[in-house]
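Visitor: Could you take me through one part of this model in detail, with attention to its charged contacts and to the space beside it? I would like a single, connected account.

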Amino acid sequence: MLTLTAQVTDDFVEEIDSIAVELERPRDWVIQAALHEYVSRHRLELHRWRETQDAIDAAERGEVVPGEEVFAWLDTWGREGTAAK
């Protein structure tokens, strides 16, 4: 395992320590969990942004589904024997 160093305010350390006490976990566990959560959320956000950009690019190329087809497909939702195309 690698050790990282970061400068943080005293208030921030107090918050981390408070959470550690509440969770009955050591400070480093709380910090590692917080970093893991941040990185996971960032990756998901980046993935969603790329998907959005791909969709915009496709629309600009004219790769769209006519509204009538979308509404017809939505009308089939909840009916047995129907699946997305």
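Guide: A salt bridge here is a side-chain nitrogen of Lys or Arg within 4 Å of a carboxyl oxygen of Asp or Glu. In this predicted model, R27 meets that criterion with D17, the closest N and O atoms being 2.7 Å apart. Because R27 lies in helix α2 and D17 in helix α1, the pair ties together parts that are 10 residues apart in sequence. R27 is partly exposed, at a relative accessible area of 42%, and D17 is likewise partly exposed, at 25%.

Helix α2, the part to look at closely, runs over residues 27–60, and its 34 residues reach 49 Å from the first C-alpha to the last, close to the 50 Å expected at 1.5 Å a residue. Within α2, E37 forms a salt bridge with R41, with 2.5 Å between the closest N and O atoms; these two residues are four apart in the helix, and so are separated by about one helical turn. E37 is partly exposed, with a relative accessible area of 38%, whereas R41, at 56%, is exposed.

The pocket is lined by 19 residues, of which L4, D28, I31, Q32 and L35 are the closest to its centre. The largest share of this lining, seven residues, comes from α2, while α1 (10–23) supplies at least two residues.

Just after α2, G62 takes a positive phi of about 85°, and the side chains of R61 and E63 meet in a salt bridge at 3.0 Å, N to O. R61 counts as exposed at 54% relative accessibility, and E63 as partly exposed at 49%.

Technical notes:
Residues numbered from 1 in each chain as written. Predicted model: local features only at pLDDT ≥ 70, side-chain atom pairs only at ≥ 80, totals over all residues. Heavy atoms only, no water. Expected span 1.5 Å × (residues − 1). 1 Å grid on protein atoms, 1.4 Å probe; cavity = no way out; pocket = protein on both sides within 12 Å on 5 of 7 lines; lining within 4 Å. Buried < 20%, exposed > 50% of the residue type's maximum accessible area, 1.4 Å probe, protein only.
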